[in-house]
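Trainee: Please walk me through this model one feature at a time, with the general idea before each case.

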Amino acid sequence: MSLPSPYQRHRTVAVRIGPITVGGDSPVVVQSMTNTDTADIQATVTQVAQLAQAGSELVRITVNTEEAAAAVPHIRERLDRQGCAVPLIGDFHFNGHKLLAKHPACAEALAKYRINPGNVGRGKKRDEQFATIAVYRELAGRSDHALHLGLTEAGMGSKGIVASTAALAVLLQEGIGDTIRISLTPEPGGSRSREVLVAQEILQSMGLRSFTPAVVACPGCGRTSSDYFQHLAQDIQAYLREQMPAWHEHFPGVENMTVAVMGCVVNGPGESKHANIGISLPGTGERPVAPVYVDGEKTVTLKGERIAEEFQALVTEYVHRTYGQADDEATG
């Protein structure tokens, strides 16, 4: 969902990539890229579908060989059979013009062609965070073309997340950027989808878009020697993300919901009251009860071994009751 932007957007010309509009008045679009051998059709189809399921609105695939180009139409066909309509962007190298000419079915199956900047001398693209900011400011000042933001060699884990956020957040605050990718080097065996989640979290944290309900949780302190609230916060967040593909269709607006999972009585009740629904778990030495707050009012107190399951059920009930009205009216 797109939110009213808290920042003045740099005005750009809108372009269509399949069903997705980039630029103009459209929200900032999230894209990602596979790391499979594109010639491996099934592996690429599987990863594209995973990225789309995670929320990537555009997916790039490498098209660097005859075999890769020949595989593209088959990849598109299999994705369509699965009901995955995410547009595919062909990432081309120095031989892209030859591959497209020789494989017209590849050209037809792709929604966009991208010439990899690493193969055209990179031009103004550099990956130091502050150099990136200066370059994009200059580009925005000189044109009204839709701009893609990304830091190619961001790195692994927290370093890559921090580096990308440090650069992209500044530009997004200035209204620059129409589509973003967070280029994380995945951990060995790690999910490629993490880069999609990080991109969504940046946009949501800045108030530019909403993708999934926000889980508010305290960092913990000496009052929370148990890690129970941490597990509950993690489980609730995972549960919300798992439900979002279905909830997004049936419960419009649910992506704006806030859920609080707090670890003790100090900040627990206050934060829980400010959330749509929240729970204040007992800290060290506190009574083993957990009050639940719904829209600022205490509604029930949970206790015993099934607090986690009962709270999850209350969250689900809240979603159906609060956001299900529009769906009921549409089907009723």
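This is a predicted model: local features need pLDDT of at least 70, side-chain atom pairs count only at pLDDT 80 or more; totals for chains, interfaces and linings use all residues.

Mentor: Gladly! Residues are numbered from 1 along each chain as its sequence is written, and side-chain values use heavy atoms, with hydrogens and water left out.

Trainee: How many helices and strands are there in the protein?

Mentor: It has eleven helices and 15 strands. The C-alpha atoms occupy a box of roughly 70 × 45 × 40 Å along the principal axes.

Trainee: In which order do the strands of the six-stranded open sheet stand?

Mentor: Strands of a sheet pair through backbone hydrogen bonds, either parallel or antiparallel. Here two strands pair if DSSP finds at least two bridges between them. The order of this sheet is S6-S5-S4-S3-S9-S7, and its pairing is parallel. Strands S6 (112-115) and S7 (148-150) are at the edges with a single partner strand each, so one side of each has no neighbour in the sheet. On average, neighbouring strands are turned by 30° against each other, direction ignored. Angles run from 0 to 180 degrees between N-to-C directions, and axes are lines fitted to C-alpha atoms, for helices over the stretch in contact.

Trainee: How many bridges join S4 to S5?

Mentor: Five bridges link S4 (residues 58-63) with S5 (residues 88-92), and the two run parallel. In this pair, Val59 faces Leu88 of S5. Helix H1 (residues 41-54) packs on the sheet and touches S3 (29-33), S4 and S5, with its direction at about 155° to that of S4. Contact means heavy atoms within 4.5 Å. Helix H7 (residues 194-205) lies across S3 and S9 (179-181), at about 160° to S3.

Trainee: Which residues of H1 are buried?

Mentor: An α-helix has 3.6 residues a turn, so residues three or four places apart point the same way. The buried residues in H1 are Ile41, Thr44, Val45, Gln47, Val48, Leu51 and Ala54. Their cover includes S3, S4, helix H2 (66-81), S5 and H7. The 14 residues of H1 reach 20 Å from first to last C-alpha, close to the 20 Å expected at 1.5 Å a residue; the expected span is 1.5 Å times one less than the number of residues. Just after H1, Gly55 has a positive phi of about 120°.

Trainee: At what angle do H6 and H7 pack?

Mentor: H6 (residues 157-173) and H7 meet at an angle of about 40°, and their axes are 11 Å apart. Their crossing is right-handed. A crossing is left-handed if the near helix is turned anticlockwise from the far one by less than a right angle, and right-handed if clockwise. Gly157, Ile161, Thr165 and Leu172 of H6 meet Arg194, Val198, Ile202 and Leu203 of H7.

Trainee: What is the strand order in the five-stranded open sheet?

Mentor: This sheet reads S11-S12-S13-S14-S15, with mixed pairing. S11 (214-217) and S15 are the edge strands, each pairing on one side only. Neighbouring strands here are turned by 20° against each other on average, direction ignored. Helix H8 (residues 228-250) lies across S11, S12 (258-262) and S13 (277-280), at about 160° to S12.

Trainee: In which sense do S14 and S15 pair?

Mentor: S14 (residues 289-294) and S15 (residues 297-303) pair antiparallel over six bridges. Val289 has Lys303 of S15 as its bridge partner, and Val294 has Glu297. Their hairpin has two residues between the strands, and Asp295 takes a positive phi near 50° there.

Trainee: How many disulfides does the structure hold?

Mentor: A disulfide is a covalent bond between the sulfur atoms of two cysteines; the cut-off for the pair of sulfur atoms is within 2.5 Å. The structure holds zero disulfides. Cys84 is in none, and the nearest cysteine sulfur, in Cys106, is 17 Å away. Cys84 is buried, at a relative accessible area of 11%. Cys264 is buried too, at 8%, and its sulfur is 5.2 Å from the closest cysteine sulfur, that of Cys221, too far for a bond.

Methods:
Helices (H or I, at least four residues) and strands (E, at least two) are DSSP runs, numbered from the N terminus. Buried means under 20% relative accessible area, exposed over 50%, partly exposed in between (1.4 Å probe, protein chains only).
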